[in-house]
Amino acid sequence: MKGPKFLYLVFVAAVVALVAWLMHRAERNAFQEQVIAAGSKVLGDFAVNDVASIAISGPDGRVTLKRGDKGWGVVERGDYPSDFGRISELILKLSNLEAVQNVPVAETDYGALALRTEGDDIPREEAGIEVELQDGAGQAISSLVLGKTHVTAPEGIRPELAGTASGRYVLPGSSRENAYLVSETFSDLQTTPGAWIDKTFIRPGMPRRVEVKSKDGSWTLQRDVSGGQWTMEGLRKNQSLDMTKAMSIDSMFNSMAVADVPDGPDDARIKPLQENPVTVTADTFDGIRYTLTIGRGDGDNLPVKVAAEALPDEAPAPTPAEGQTPEQAATQAEQAKKAKEAQLAAAEKFAERVVFIPRNFVAPFLSSRAEMLAAPVKK
């Protein structure tokens, strides 16, 4: 190759290299202009009311929360109603999330800050939790990876020994080379579907009669006044009811909470409902009959179905109590009627659903008749 032509090629190569370098520097400068300053919002400004879907995934699982015609639901649980209070709190936290410190990172640093989300077999201590927000049309609004918790401790003390969680490292979806330290820890953020369902269950009035039936037999308790002492039907002279077990029915029957719901009709956890059911019929003093079907199994949470219906109104027209006017008595009766209707409406949303209730909440109803009796007194 002759000298002039060689020099020309060298010149062209140098020009190409210079252009590439200038473009790279421009890109770096453009990126640096996007670095979030301390005190600025990590995810920028977005309308919280536009958020219609939240996907949360991490080493423990994935959950999708979606807003529908009847409110927010958990997609992996058949759109079962979700805990709106927790969802609202999360969206507001993300909307107001501010950077405390900018932390320049390369992808090789992601593991040290627990910001990894891509790749197979990510070590648990390196895995982050990814949160994605979408609007009603399925368009991305924003995303964020929650990483390692930042811990602070008094001077001279190692944080891992006596530290306090004071923040968390995060990586917004719009950034690959800058993570941020924020003051929010997101300590209660969970990635399992069961953690996001609405755990509210029925809240019946005080029961006056409870009948329990299973393949092992049946037993019935009743009483005349709310909060009064229970008696068991069919007791022999040498038998007596274990009052401690009987009185536990009041507190447990009125404090049951949902632990989880099936992930579909083929959920194996439902089988005890067909194989070993226990039926509890409870009539309350406010005139409602609740029927609970409990699947007796080995798990910590048992499948339960519930139905409710109004009992025939046997009460006479309201008679004014001492010091009451007829109008006041009528108002009191009307209020009781509305409360009864509200109770029935609250139970109606469970009519076609199976829920899982912690075993300790239904323990008294799993007892046999013999187990409900007091131990014989030794002479």
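How many cavities of 30 Å³ or more does a search of the whole structure find? The search finds one, and point 3 comes back to it.

A word on the basis of these notes: this is a predicted model, in which local features need pLDDT of at least 70 and side-chain atom pairs count only at pLDDT 80 or more, while totals for chains, interfaces and linings use all residues. Residues are numbered from 1 along each chain as its sequence is written, and side-chain values use heavy atoms, with hydrogens and water left out.

1. **Overall make-up.** The chain holds seven helices and 16 strands (DSSP runs numbered from the N terminus: H or I of at least four residues for helices, E of at least two for strands). Of its 379 residues, 36% count as buried (under 20% relative accessible area; exposed is over 50% and partly exposed in between, with a 1.4 Å probe and protein chains only). The accessible surface comes to about 22,100 Å², and 52% of that belongs to carbon and sulfur atoms (Shrake-Rupley method, 1.4 Å probe; for residues, only the protein chains shown count as cover). Among contacts between residues at least 6 apart in sequence, 62% join residues at least 24 apart (contact means heavy atoms within 4.5 Å).

2. **Nonpolar cores.** In soluble globular proteins, nonpolar side chains tend to be buried together. Here the largest nonpolar core has 66 residues, and I54, I56, W196 and F201 touch the most other members (a core is a set of buried Ala, Val, Leu, Ile, Met, Phe, Trp, Tyr and Cys residues joined through side-chain atoms within 4.5 Å). Another core, of ten residues, lies apart from it and includes V103, V105, Y110 and L181. Leaving aside neighbours within four places in sequence, F201 is in contact with M256, A257, V258, V304, V306, F350, V355 and I357.

3. **The cavity.** About 80 Å³ of space lies in the largest cavity. Its lining is made up of R86, E89, L90, K93, F186, D188, L189 and W196. For the method: on a 1 Å grid over the protein atoms alone, a cavity is a set of points where a 1.4 Å probe fits but cannot get out, and lining residues have an atom within 4 Å of a point. Grid points are joined across faces, edges and corners, and the volume is the space filled by probe spheres set on the points.

4. **R223, a buried arginine.** R223 sits in the loop between strand 11 (217-222) and strand 12 (231-232), and it counts as buried because its relative accessibility is 7%. Its side chain reaches the backbone oxygen of G228 at 3.0 Å, and a polar atom of that side chain lies 2.9 Å from the backbone oxygen of P207. Beyond four places in sequence, residues touched by R223 include M247, D250 and F285.

5. **Helix 4.** Which residues of helix 4 (residues 243-253) are buried? They are A246, S248, I249, D250 and F253, and they pack against strand 10 (207-214), strand 11, strand 13 (277-284) and strand 14 (288-295). D242 caps the N-terminal end of the helix, with a side-chain oxygen 3.1 Å from the backbone nitrogen of T244.

6. **Two backbone angles to look at.** Most residues other than glycine have a negative phi. D79, in the loop between strand 3 (71-74) and strand 4 (80-81), has a positive phi of about 60°. A114 has a positive phi of about 55° and lies in the loop between strand 5 (99-104) and strand 6 (129-134). D79 is partly exposed, at 47% relative accessible area, whereas A114 is buried, at 8%.

Key
A polar contact is a pair of N or O atoms within 3.5 Å; within protein, one must be able to donate a hydrogen and the other to accept it, and residues adjacent in sequence count only if both atoms are side-chain atoms. On a 1 Å grid over the protein atoms alone, a cavity is a set of points where a 1.4 Å probe fits but cannot get out, and a pocket is an open set with protein on both sides within 12 Å along at least five of seven lines; lining residues have an atom within 4 Å of a point.
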